[in-house]
Amino acid sequence: MKAFLFDASICNGCYGCQIACKDEHCEQAWEGYTAAQPMTGQFWGKITEREMGKTPFVHVNYKFEACGNCDDCKLLELAEDGAVYRRDDGIIIIDPVKAKGQEQLRGVCDKVFWNDAEQVAQKCTGCAHLLDDGWDVPRCVDWCPTGALQFGEESELDLEGAVPAEPGSHLYYKNLPGRRICGTVADREINEVIIGAKVTITDAEGNEVAVIDTDDFGDFMFKDAAEGEFDVKIEADGYQPMDYHVSTVENDAVIGQVIVTK
Ligand code: SF4
Ligand code: SF4
């Protein structure tokens with residue numbers, strides 16, 4: 001069974017994988033594998049980008065999205081006349097000739113697109129035409145300059161700590177960033193940041209999830225928060241403690257400047 005592994009910690013957001021997919025498939029049919037991908041409107045392999053936090057604690061999360069050849073693929077259930085099949089290597093192929101006009105395949109999943117001109121459903125093919133031609137990996141993976149996107153036998157990929165993109169998917173994600181809780185502690189009276197202030201983060205159940213110190217710039221950042229509600233206590237020698245309640249449900253929790261007083 002072939003699988004994809006995307007390691008978010010080493011993706012630099014170059015979009016090369018997405019462009020390589022377009023280069024391989026736009027206006028280029030691969031007989032027996034797929035009709036050509038239209039020039040616009042379809043992304044078989046797609047990088048999604050989300051800006052998180054706010055100034056000065058901003059970062060961008062990237063994620064690769066594509067068909068994960070799921071165990072319970074609806075295409076296989078709905079297709080007629082053997083128009084969709086799973087290969088021995090696990091890749092699901094929509095036969096571009098047999099599937100023509102099979103409108104029941106339209107929109108079965110957000111990784112499946114409908115080609116109006118050809119009247120056929122389309123999706124990532126795993127670049128099966130290349131694999132059958134001796135390539136070890138598809139075009140998108142071959143392009144990736146950082147190794148963030150990998151492809152291979154599922155049993156041979158390093159999936160420790162990885163999670164499937166969705167239940168039953170054979171696209172796995174690793175090192176997806178957690179939510180951040182961050183800020184800067186300062187004393188405005190003396191116009192100095194506070195180095196070594198203690199920041200204690202407690203979850204909604206009252207469990208202490210992190211204790212960190214502010215750095216040489218007075219900054220603190222906890223990078224691995226879950227999506228939820230947290231209490232943040234800031235303590236510095238000689239200063240009044242400060243308490244905050246923050247939420248990471250929608251976004252990172254950027255407390256901003258914490259002005260402490262004596
Ligand atoms: S495997 Fe091929 S078809 Fe699928 S996203 Fe990568 S380049 Fe596109
Ligand atoms: S090619 Fe690799 S590094 Fe570039 S966006 Fe895609 S996964 Fe990330």
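The legends below describe close-up views of a predicted model. Residues are numbered from 1 along each chain as its sequence is written, and chains are lettered from A and ligands numbered from 1 in the order in which they are written. As the model is predicted, local features need pLDDT of at least 70 and side-chain atom pairs count only at pLDDT 80 or more, whereas totals for chains, interfaces and linings use all residues.

**Figure 1. Overall form of the chain.** The chain contains four helices and 18 strands; helices (H or I, at least four residues) and strands (E, at least two) are DSSP runs, numbered from the N terminus. Its radius of gyration is 24 Å, well over the 18 Å that the globule rule gives for 262 residues, so the chain is more spread out than a compact globule. The radius is taken over C-alpha atoms, and the rule is 2.2 Å times the number of residues to the power 0.38. Along the principal axes, the C-alpha atoms fill a box of roughly 75 × 35 × 35 Å.

Figure 2. The domain assignment gives domain 1 (2-174) and domain 2 (179-259), with bounds from an automatic or database domain assignment. Their C-alpha centres lie 40 Å apart. Four residues of domain 1 are in contact with six residues of domain 2 (C-beta atoms, placed from the backbone, within 7 Å). On the side of domain 1 that touches domain 2, strand β2 (residues 45-54) gives the most, with three residues. That side divides into two nonpolar residues, one polar and one charged. Here Ala, Val, Leu, Ile, Met, Phe, Trp, Tyr, Cys and Pro count as nonpolar, Asp, Glu, Lys and Arg as charged, and the others, Gly among them, as polar.

**Figure 3. The surroundings of ligand 1.** Ligand 1 is surrounded by 14 residues, of which C21, G45, C124, P138 and C140 are the closest; a residue is near a molecule if its C-beta atom, placed from the backbone, lies within 6 Å of it. Helices α1 and α4 (139-143) each supply at least two residues of this shell, and the largest share, four residues, comes from α1. The shell comprises eight nonpolar, four polar and two charged residues.

Figure 4. Among the 15 residues around ligand 2, C11, C14, G16, C17 and C144 come nearest. Two or more residues of the shell are given by each of α1 (16-25) and β3 (57-66). The shell around ligand 2 holds 11 nonpolar and four polar residues, and no charged residues.

**Figure 5. The antiparallel sheet β14-β13-β16-β17.** These four strands form an open sheet with antiparallel pairing; two strands pair if DSSP finds at least two bridges between them. The edge strands, β14 (208-213) and β17 (242-247), each pair on one side only. Neighbouring strands are turned by 20° against each other on average, direction ignored (axes are lines fitted to C-alpha atoms, with angles from 0 to 180 degrees between N-to-C directions). Six bridges join β13 (residues 198-203) to β16 (residues 229-235), and K198 stands opposite E235 in β16. Five bridges link β13 with β14, where V199 faces I212. β13 and β14 form a hairpin with four residues between them, and G206 in the turn has a positive phi of about 85°.

**Figure 6. The mixed sheet β8-β1-β10-β9.** Four strands in this order form an open sheet whose pairing is mixed. At the edges stand β8 (149-153) and β9 (163-164), each of which pairs on one side only. Strand β1 (residues 2-7) runs antiparallel to β8 and is joined to it by five bridges; A3 stands opposite G152 in β8.

Conventions: Contact = placed C-beta atoms within 7 Å.
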